[in-house]
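Please look over the structure below before reading on. The notes after it are grouped by topic.

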Amino acid sequence: MIQKFVLRDRVLETESEKRKIILGAYLIIIYFFVDLFFVSINFFNRVGDASSLFVGAIVSIICLLLIRWKYVNTAIILQLIRCNALAFYFSNTESAVLTGSYVYFIPSSLGALAVFGYRERWMGIGFTLLSFILFMTAILQPANFHPNDRHFYLIINFLIVLVIGILILIFFDRLVNNSEKNILQKNKELMKANAELDRFVYSASHDLRAPLTSLAGLIHLAQRDKADAPTYLALMAERLNVMDNYIKDIVEYSRNTRLEVSFSKINLRPVIEEVVNTLKYSTDTSKVRIEIKLEDGLKIKTDESRLRVILNNLIGNAFKYQDLSKSNPYLKVQAAIQDNQCFITIEDNGIGIKPEHHIKVFEMFYRANDSAAGSGLGLYIARETADKLKGKISFESAYGLGTTFTVSIPA
């Protein structure tokens with residue numbers, strides 16, 4: 001009922017916000033009933049000052065309404081000031097040792113830390129320090145503060161209990177805060193995975209069915225026109241190659257998602273040369289001038305298989321989208337280490353990417369160009385793989401002039 005009263009219909013992003021509101025409300029309500037209890041005692045016994053407690057109860061009601069009206073911090077701060085003020089007042093006007101009024105500094109301190117939590121810990125620590133200063137001011141008499149004084153151990157034990165309570169509360173609230181961060185991150189990743197799965201099922205079913213449908217048609221034609229069977233067989237092989245590349249992309253995406261990162265020291269030049277030599281024979285690249293510029297002994301510590309996935313996709317695209325009508329088509333691959341980061345650039349003077357596609361090229365199944373066959377997964381996989389290596393991929397492209405991709409990964 002209390003939760004329903006203070007939360008109303010508000011939408012909260014995190015459990016920390018909800019916990020803060022509920023704890024604040026309960027703290028206010030507890031102090032309200034404490035005030036009523038002592039007001040009733042003072043009323044029937046005609047002992048003590050009931051007016052200050054009555055004012056405190058009214059302040060508590062106002063604070064509870066402020067929380068309901070979404071002025072959460074204002075309500076909590078006002079309530080904590082009121083708690084400390086009353087505790088200080090009664091510790092000064094009565095014999096604190098006999099009545100124990102000073103013990104209300106403990107819930108004021110711990111309550112502040114509990115309500116504000118680890119995220120707003122400095123606010124909680126500020127009120128804890130305020131309670132501590134007020135307590136020392138009300139109780140401590142420096143001239144008599146020594147082991148022979150009857151108040152000495154009372155004050156020392158009070159402070160020890162207060163400090164232990166504060167440390168325990170901070171420790172557990174930090175654990176809760178870290179757990180909540182992990183849960184929010186996992187939820188974010190899960191939502192992303194679910195969205196990608198929906199898109200994947202739709203696009204994969206379409207892109208895998210298309211080659212199969214084409215194959216079925218070509219088989220039918222080959223059966224009817226056996227004279228042109230070799231032509232149909234070549235087209236079938238092309239369709240199968242498209243499907244094979246698509247399945248390879250899916251496997252690379254799955255491996256990057258599931259497998260842990262495995263670091264090893266690698267010599268970068270042989271890896272780049274092997275990728276370039278493998279890809280240049282898969283397409284018509286005889287006119288393309290290839291340049292590889294990096295130190296022969298350049299070594300980095302990374303996941304070699306994931307680095308190969310990135311290079312395969314970026315260099316493969318550079319070959320795939322060359323403009324062979326140009327007089328000097330080229331591909332340049334360069335690498336260097338700066339500030340413990342390895343920068344690998346893949347530059348070409350191919351067909352380039354139109355400006356309207358720049359913001360979407362890294363999206364799953366997005367294809368910026370239909371001039372060459374592709375799954376639309378290549379750049380998406382490259383970016384996701386770079387993320388696994390704590391790296392980034394950026395690019396610059398001018399349509400008709402060429403594209404330069406830059407991979408940055410820890411060296």
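The model is predicted.

**Helix pair H10 and H11**

- Helix H10 spans residues 268–280 and helix H11 spans residues 304–320.
- Their axes come within 10 Å and cross at roughly 45°. That angle makes H10 oblique to H11.
- The crossing of H10 and H11 is right-handed.
- On the H10 side, the contact residues are Leu268, Val271, Ile272, Glu274, Val275, Val276, Leu279 and Lys280. They meet Glu304, Leu307, Arg308, Leu311, Asn312, Ile315, Gly316 and Phe319 in H11.
- By class, the contact of H10 with H11 has 10 nonpolar, 2 polar and 4 charged residues.
- An α-helix has 3.6 residues a turn, so residues three or four places apart point the same way.

**Five-stranded sheet**

- The sheet is open, has 5 strands and shows mixed pairing. Its strand order is S2-S4-S5-S7-S6.
- The edge strands are S2 (289–293) and S6 (392–398). Each of these pairs on one side only.
- Neighbouring strands of this sheet are turned by 10° against each other on average, direction ignored.
- Strand S5 (residues 341–348) and strand S7 (residues 402–410) run antiparallel. They are joined by 8 bridges.
- Asp348 has Thr403 in S7 as its bridge partner.

**Helix on sheet**

- Which strands does H11 lie across? They are S2, S4 (330–338), S5, S6 and S7.
- H11 runs at about 20° to S5.

**Helix H12**

- Is H12 mostly covered or mostly uncovered? Helix H12 (residues 378–388) is mostly covered, with 8 of its 11 residues buried.
- The buried residues are Gly378, Leu379, Tyr380, Ile381, Ala382, Glu384, Thr385 and Ala386. Glu384 is among them.
- Lys390 follows H12, and its phi is positive, near 60°.

**Pro270**

- Pro270 lies in helix H10.
- Its relative accessible area is 40%, so Pro270 is partly exposed.
- Pro270 and Gly297 are 27 residues apart in sequence. In space they are 9.9 Å apart, C-alpha to C-alpha.

Key
Residues are numbered from 1 along each chain as its sequence is written. This is a predicted model: local features need pLDDT of at least 70, side-chain atom pairs count only at pLDDT 80 or more; totals for chains, interfaces and linings use all residues. Side-chain values use heavy atoms; hydrogens and water are left out. Buried means under 20% relative accessible area, exposed over 50%, partly exposed in between (1.4 Å probe, protein chains only). Helices (H or I, at least four residues) and strands (E, at least two) are DSSP runs, numbered from the N terminus. Axes are lines fitted to C-alpha atoms, for helices over the stretch in contact, and angles run from 0 to 180 degrees between N-to-C directions. Angles under 35 degrees count as roughly parallel, over 145 as roughly antiparallel, 65 to 115 as roughly perpendicular and the rest as oblique. A crossing is left-handed if the near helix is turned anticlockwise from the far one by less than a right angle, and right-handed if clockwise. Contact means heavy atoms within 4.5 Å. Ala, Val, Leu, Ile, Met, Phe, Trp, Tyr, Cys and Pro count as nonpolar, Asp, Glu, Lys and Arg as charged, and the others, Gly among them, as polar. Two strands pair if DSSP finds at least two bridges between them.
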